[in-house]
Amino acid sequence: MKRYLCSIIIGMVVILSIGTYYVKVASSASSLPKYTFKTLEGSDKELDPVIINATLQNGSTFYEPLTIESNTTTYASERSYLENLTGRQDHLIERLVKEHRSFMRGKDSISSLYEDDDFLAYAWVNSDITNNGKMEAKFDIGLLEKKDEEETSFQIELPNQGRIMNIDVRDVQLVHSKLQVLTMNDVNSKNEKQTKEVHLYTIDVANKKVLSDKTLVSETFTDPNQVDFQMPIDVAPSKPNNMVFISLIKGVNHEDGFKEKLKESKLLSYNYETENLETVKKGSLSLDMARSGYADGKNLYVVEMKSGKYRIKTFDLSSQTLTNDTELDIAANKEEQYTAAFKNGRVYFLLNGMNQDGLLTYKPAKLLVADIKTGKTLYKGETVINKKNSKGFELYIDDLEIK
């Protein structure tokens with residue numbers, strides 16, 4: 001009886017401790033300022049899918065992550081222990097976990113996922129460096145048939161892994177029932193030379209084998225020369241996509257910084273269907289546009305400043321031609337940072353209240369939602385803070401997501 005009584009007392013202490021903790025957390029969070037968007041124009045219903053991740057700071061002693069979702073502020077300390085343990089996840093990952101919990105276990109990289117109406121696929125590289133400095137790496141492959149929830153998962157050796165120092169999965173597609181995995185690799189080179197490559201691995205999921213390892217681009221260089229590969233921001237990760245753009249950037253590291261070799265840098269396109277790799281000819285779509293643009297699988301969206309306003313140029317990926325040029329009803333300032341998102345025929349444009357050096361301008365963050373084709377303003381608003389206990393707090397916006 002004493003043993004059971006002891007267990008009961010311990011259980012009560014644990015419950016009271018947890019309860020006290022959450023009361024303190026709730027009390028602490030309730031004393032923090034709340035941020036919302038004040039509507040200046042349009043319908044506040046346009047805020048429903050908007051997620052803004054940010055941090056609140058007060059000098060060097062206070063730091064608290066927060067999320068403004070559907071125009072409601074939630075602090076990290078207000079979330080459950082489990083939510084904070086797993087960390088802040090991309091909303092697309094959260095949706096997939098809810099819909100396919102078993103398959104998504106341990107999968108948290110959106111660039112390693114592919115989804116269409118019938119399949120959900122995954123490709124990741126698990127790697128480790130051995131004592132002799134060489135890499136040991138395997139593909140983690142998964143395929144889910146949605147109709148019957150049938151899962152296929154396996155590991156397979158990464159081809160030619162002995163020459164690879166680092167590998168980064170950048171895109172996964174399912175083409176003609178074969179998994180296409182696009183990666184950027186750092187490769188072992190002789191002497192002081194460095195090599196960077198873009199690879200395309202074709203994987204036969206049914207027979208659990210790598211059919212091919214195709215090197216799309218390979219560049220070898222010696223310091224202070226540098227080479228980098230860049231891709232547009234993917235605003236529709238995991239969705240089917242026939243074409244990708246790859247910016248090949250060449251330059252030299254000087255004492256005063258990196259200087260690009262404009263004549264040697266170029267823009268490449270790769271078509272998964274035709275397997276064609278081409279250099280994009282100079283025209284309406286430039287290298288600068290591609291590497292700073294936003295792609296959704298069908299279009300590339302480019303933000304430009306002209307005559308004191310922001311403009312959104314839309315390029316068709318397959319033809320690489322300009323299909324739309326829209327002016328946004330928001331004043332442009334080269335000193336201000338912006339973040340854009342594109343979904344459901346809308347552009348979500350956020351001026352985050354910081355300058356190009358990441359320092360606060362002490363201006364409210366401004367959000368514009370507009371029709372991507374016409375430029376018509378559907379919503380315009382700016383952040384406001386409740387007056388209570390707001391002195392000394394600073395809001396730093398990290399990123400913008402759209403559900």
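Me: How do the residues lining the largest cavity divide into nonpolar, polar and charged?

Reply: First, the ground rules: this is a predicted model, where local features need pLDDT of at least 70, side-chain atom pairs count only at pLDDT 80 or more, and totals for chains, interfaces and linings use all residues. Residues are numbered from 1 along each chain as its sequence is written, and side-chain values use heavy atoms, with hydrogens and water left out. On a 1 Å grid over the protein atoms alone, a cavity is a set of points where a 1.4 Å probe fits but cannot get out, and lining residues have an atom within 4 Å of a point. Counting Ala, Val, Leu, Ile, Met, Phe, Trp, Tyr, Cys and Pro as nonpolar, Asp, Glu, Lys and Arg as charged and the others, Gly among them, as polar, the lining splits into 5 nonpolar, 2 polar and no charged.

Me: Which residues line that largest cavity?

Reply: The space in there is about 30 Å³, a volume being the space filled by probe spheres set on grid points joined across faces, edges and corners. Around it sit Phe37, Leu47, Val50, Ile52, Ile68, Ser70 and Asn71.

Me: What does Leu367 touch, leaving out residues up to four places away in sequence?

Reply: Contact means heavy atoms within 4.5 Å. Two of the cavity-lining residues, Phe37 and Val50, turn up among its partners.

Me: Which strand gives the most to the lining of the largest pocket?

Reply: A pocket is an open set of grid points with protein on both sides within 12 Å along at least five of seven lines, and the largest has a volume of about 1200 Å³. Of its 46 lining residues, the closest to the centre are Asp234, Val235, Ala236, Pro237 and Ala295. Strands here are DSSP runs (E, at least two residues; helices are H or I, at least four), numbered from the N terminus. With 5 residues, the top contributor is β23.

Me: Which elements do the buried residues of α3 pack against?

Reply: The buried residues of α3 are His91, Leu92, Ile93, Leu96 and Val97. Their packing partners are β2, α4, β5, β6, β23 and β27.

Note on methods
Buried < 20%, exposed > 50% of the residue type's maximum accessible area, 1.4 Å probe, protein only.
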